[in-house]
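Open the model in your viewer and keep the sequence panel beside it. The stops below go from one selection to the next.

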Amino acid sequence: MIIKNCELYFAKLDPARPSAKYNKKNPTWELQIRTTDREIKQEWLNMGLNVKPVVPDVGEPYFRVNLRKKSIKEDGEKASPVNVVNAQLEPIDERSIGNGSIGNVRIFQYEYPKDTGGKGIASVLMGVQVIKHLVYTPKPRFDEFEECGETETIIQDDEIDGDIAF
C-alpha cells in the first residue's frame, strides 16, 4: 500500500544504525508522516493507521503517524532495511532526509489478534520515495571537542612497595 504526498519527519532510516530508542534488542527503522489536511487524516484512518492529532504551542495543528520496521525478523534473521529512493527511483542517502520533506511511503499491513479480543492492523514501513527533498546534513559528532596539543600517556606500576594498588 502506498501513502502519497506525506510530510516526512524524524527519518531514522540508516541501514547500519536502526534506532534502539524503543527496543534495545530489536532496533527499528522509523519515520513519522504528517498532514494538516482533515480529508487525508480520514484516508489514513480508513487505511487502519494509528493517527494522532497534535496541537503544538507554536504553529498549526497537524496529524501524525509513526511508522517502524524491525531490524530483526521473528525467526531471528536480519530484516532488509527500508528502501529509500528519489522521484526517478534512484537510491538516495537515507540519512539526508530533512524534516518537512515530501514523499510517498510504502507500507505492508497485516492483521494480528489483540490481547483484549478482536483484531488489530499492524503497519510496517517498507519504502520511502522522496519527491521534495529538504536535505539534512548531519553534523560530525566530534565537533564538540577541539584539538588541544599532545596526548600525555603515563604507564602506572600495578605494585607499590610490594603491595597491590587498588
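Is Y9 buried or exposed? Select Y9: its relative accessibility is 16%, so Y9 counts as buried (buried means under 20% relative accessible area, exposed over 50%, partly exposed in between, with a 1.4 Å probe and protein chains only).

Before moving on, note that this is a predicted model, in which local features need pLDDT of at least 70 and side-chain atom pairs count only at pLDDT 80 or more, while totals for chains, interfaces and linings use all residues. Residues are numbered from 1 along each chain as its sequence is written, and side-chain values use heavy atoms, with hydrogens and water left out.

F10 is partly exposed, at 41% relative accessible area. Two aromatic pairs are counted (rings of Phe, Tyr and Trp, the last by its six-membered ring, with centres within 6.5 Å; planes under 30 degrees apart are stacked, over 60 edge-to-face, the rest tilted). One of them joins Y9 and F10, a tilted pair with 6.1 Å between centres and 55° between planes.

Next, select A79, in the loop between β4 (62-70) and β5 (83-86). Strands are DSSP runs of E, at least two residues, numbered from the N terminus. A79 is buried, because its relative accessible area is 13%. Beyond neighbours within four places in sequence, A79 contacts W29, K69, K70, S71, I72 and K73 (contact: heavy atoms within 4.5 Å). The C-alpha of P15, 64 residues away along the chain, is 10.0 Å from that of A79.

From K70, go to E74. The whole structure has four salt bridges (a side-chain nitrogen of Lys or Arg within 4 Å of a carboxyl oxygen of Asp or Glu).

- K70 and E74, with the closest N and O atoms 4.0 Å apart; E74 is exposed at 74%, K70 partly exposed at 45%.
- D93 and R95, 3.1 Å from N to O.
- E111 and K119, at 3.6 Å between the closest N and O atoms; E111 is exposed at 53%, and K119 is exposed at 63%.

Now select Y112, in strand β6 (residues 101-113). Y112 is partly exposed, at 34% relative accessibility.

Finish at Q129, in strand β7 (residues 119-132). A polar atom of the Q129 side chain lies 3.5 Å from the backbone oxygen of A87. Leaving out residues up to four places away in sequence, Q129 touches V85, N86, A87, L89, I102, G103 and N104.

Notes:
Helix = DSSP H or I, 4+ residues; strand = E, 2+ residues; numbered from the N terminus. Polar contact = N/O pair within 3.5 Å; in protein donor to acceptor, adjacent residues only side chain to side chain.
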